[in-house]
Amino acid sequence: MLKTPIGRTLSTSAVVIIVAAIGIVVLVLRTGGGPEQLPNAGGGVEVVRPDSHRLDDPPDAAVTFVEFLDFECEGCRAAYPIVEQLRTEYGDRVEFVLRYFPLPGHVNAERAARAVEAAAKQGRLEAMYRMMYETQSQWGERRTPADDVFRGFAQELGLDMGRFDSDYADPETAQRVRQDVEDGVALGVQGTPTFFIDGQQVPVYRTEDLREALERALA
């Protein structure tokens, strides 16, 4: 959640407050009133692309839930258990889609995205996705590259290390991450986490806002 240029300045649009008493996480992502209708996704801009990663992809999904995220973002880490709970409750009816949006001010965010993408090429997307959030305190908010840390995660997951190293360094992997960022910027994403439900950007002020938005969409 940094202010940093990505072709233009990305302003902070996500503030996360963790209330310790009962572990309630309140996400404040937007200052507007209701969901923002996206502009027509012309010019190659898509909320969900055919090759976007699905964490849940039920055959008869009635609703699509998309999160633009940064694995180094503390707000995304705070939102992670909320999204996981929603997946548990709605994963049989809702398509949950992950899209990368590493903020340039985070030294390891783009590296983390490439590590997840490299793991996805070996069928271990979700395992690496979970590991990134569960270990964020170990490598996040550092000023030194965490390439070796992420390589260690790949070893823990039993990945083919030769292939992982090749995919991690492959320009096509970096381009895959950039494509998500470019789509996000074009769609008005200004910070992380940012959520879309059925093509509408959803402002979140309370832990229940995403659930309520899903219920409305399913209704």
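Predicted model: local features only at pLDDT ≥ 70, side-chain atom pairs only at ≥ 80, totals over all residues.

Trainee: What volume does the largest cavity have, and which residues line the largest cavity?

Mentor: Its volume is about 40 Å³. The lining consists of Leu-55, Phe-65, Glu-67, Leu-69, Val-83, Phe-96, Val-97, Leu-98 and Tyr-129. Two elements, β7 (63–69) and β8 (94–100), each give two or more residues to this lining. By residue type, the lining divides into eight nonpolar, no polar and one charged.

Trainee: How many helices and strands does the chain have?

Mentor: The chain has eight helices and 10 strands. Of its 219 residues, 50% are buried. Among contacts between residues at least 6 apart in sequence, 77% join residues at least 24 apart.

Trainee: How should I read a salt bridge, and how many salt bridges does a search of the whole structure find?

Mentor: A salt bridge is a side-chain nitrogen of Lys or Arg within 4 Å of a carboxyl oxygen of Asp or Glu. In this structure the search finds 22 salt bridges. One of them joins Arg-99 to Asp-183, with the closest N and O atoms 2.8 Å apart. Because Arg-99 lies in strand β8 and Asp-183 in helix α7 (residues 171–186), the pair ties together parts that are 84 residues apart in sequence. Both Arg-99 and Asp-183 are buried.

Trainee: Is Arg-49 buried or exposed, and with which residue does Glu-46 form a salt bridge?

Mentor: Glu-46 pairs with Arg-49, the closest N and O atoms being 3.3 Å apart. The cut-off for buried is under 20% relative accessible area. Arg-49 has 15% relative accessibility, so Arg-49 counts as buried. Glu-46, at 28%, counts as partly exposed.

A further pair is Asp-209 with Arg-206, whose closest N and O atoms are 2.8 Å apart. Asp-209 counts as buried at 11% relative accessibility, while Arg-206 counts as partly exposed at 39%. Salt bridges that share partners also form one network, whose members include Glu-46, Arg-49, Arg-99 and Asp-183.

Trainee: Where is Arg-143 found, and why does Arg-143 count as exposed?

Mentor: Arg-143 is found in the loop between α4 (136–139) and α5 (147–156). Residues over 50% relative accessible area are called exposed; Arg-143 counts as exposed because its relative accessibility is 64%. Leaving aside neighbours within four places in sequence, Arg-143 is in contact with Gly-105 and Val-107. The C-alpha atoms of Arg-143 and Val-107 are separated by 6.0 Å, although these residues are 36 residues apart along the chain.

Notes: Residues numbered from 1 in each chain as written. Heavy atoms only, no water. 1 Å grid on protein atoms, 1.4 Å probe; cavity = no way out; pocket = protein on both sides within 12 Å on 5 of 7 lines; lining within 4 Å. Points joined across faces, edges and corners; volume = space filled by probe spheres on them. Helix = DSSP H or I, 4+ residues; strand = E, 2+ residues; numbered from the N terminus. Nonpolar A, V, L, I, M, F, W, Y, C, P; charged D, E, K, R; others polar. Buried < 20%, exposed > 50% of the residue type's maximum accessible area, 1.4 Å probe, protein only. Contact = heavy atoms within 4.5 Å.
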